[in-house]
Amino acid sequence: MKKHVLVTGGAGFIGSTLAEELIKDEYKVTVVDNFDSFYDREIKERNITWLLKQENFRLIEIDIQDYNKLKSVLRNNIDIIVHIAAKAGVHESIKDPINCQKVNVVGTQNMLELAKEIGVNQFVFASSSSVYGVNPNTPWSEDDKSLKPISPYASSKLSCEMLGHVYSSLYDIRFLSLRFFTVYGPRQRPDLAIHKFACMIEKGEEITQYGDGSSRRDYTYIDDIINGVKSAIEYDKSNYEIINLGNNQTVSLSEMIEIISDVFGKKAMIKQLPDQPGDVRVTYANVSKAERLLNYKASTNFREGIVLFREWFMKNEIS
């Protein structure tokens with residue numbers, strides 16, 4: 001039996017996928033999730049159907065903002081924390097910035113405090129490419145200090161990275177902040193563009209396109225992200241690192257819609273609206289540090305990823 005990993009947000013898209021892979025690799029896994037009403041609980045329950053049948057898996061329904069309860073339930077025998085739970089979404093954070101701050105920053109503080117109290121010295125944090133903000137120096141490198149976040153969500157993730165530095169310095173906790181770049185694939189949240197557009201195209205509904213379609217994203221397939229996280233779980237060479245996990249390629253919004261339409265075999269009907277507040281023009285990862293430290297390699301190109309997403313979508317989509 002390998003080590004015991006605690007995964008927060010482990011019933012969601014990335015967390016449940018990670019938990020499955022860790023169980024298959026013979027880790028013991030405990031998932032913490034509060035089944036936030038941001039989207040349908042049924043989706044998360046479906047994500048963990050297989051996990052609930054596994055001997056070395058435990059689910060704890062709890063809010064990471066409740067430190068006393070966390071500490072009473074999660075007392076010991078945890079080797080690694082992978083902290084994914086967050087109040088997600090750039091646009092949602094603009095609507096409700098105070099709750100975003102509470103869940104993301106206070107919740108991360110609670111998890112770091114828990115790590116200190118129960119003796120966990122390996123902490124992997126799910127950060128975001130959004131921390132780079134309007135930085136023109138693409139592809140974005142972790143060494144670039146000119147970070148200009150333009151949403152409460154992005155600002156909260158940057159704050160969490162700084163909290164990690166504090167706890168790493170004071171309490172010798174190895175803190176690895178992984179900046180995820182637009183993760184997609186099976187189980188992707190229904191509010192995210194690829195999933196939402198796929199639903200609309202499949203139903204023959206009109207897509208709302210914000211901007212002229214020229215904005216670009218570094219879309220990263222879920223399996224590549226999971227491989228990077230698994231490598232971070234075993235990383236032991238230094239105590240504090242910030243590492244991009246991306247695909248090192250960009251796809252425009254227009255290209256994304258065209259590829260989804262082509263793979264699904266249905267033409268997209270598009271309604272164009274102005275850009276949304278909080279959106280950036282481009283995200284683009286320099287992944288040389290991930291390659292060097294984590295032996296990371298993104299191996300799934302965008303079209304291949306959409307084909308794989310469609311296979312899952314047609315079997316599992318909840319209307």
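Modeller: Happy to! Let's start with Glu117, which is partly exposed at a relative accessible area of 39%; buried means under 20% relative accessible area, exposed over 50%, and partly exposed in between (1.4 Å probe, protein chains only). This is a predicted model, where local features need pLDDT of at least 70 and side-chain atom pairs count only at pLDDT 80 or more, while totals for chains, interfaces and linings use all residues. Residues are numbered from 1 along each chain as its sequence is written, and side-chain values use heavy atoms, leaving out hydrogens and water.

Glu117 pairs with Lys116 in a salt bridge (a side-chain nitrogen of Lys or Arg within 4 Å of a carboxyl oxygen of Asp or Glu), with 3.7 Å between the closest N and O atoms. Lys116 is partly exposed too, at 27%.

Next, Arg179 and Glu161 form a salt bridge at 2.7 Å, N to O. Arg179 belongs to strand 6 (residues 174–180) and Glu161 to helix 6 (residues 152–171), so this pair ties together parts 18 residues apart in sequence. Helices (H or I, at least four residues) and strands (E, at least two) are DSSP runs, numbered from the N terminus. Both Arg179 and Glu161 are buried.

Glu202 sits in helix 7 (residues 193–203) and Lys266 in the loop between helix 9 (253–264) and strand 13 (269–273), so parts 64 residues apart in sequence are tied together. Glu202 is partly exposed at 24%, as is Lys266 at 34%.

In total, the structure holds 20 salt bridges.
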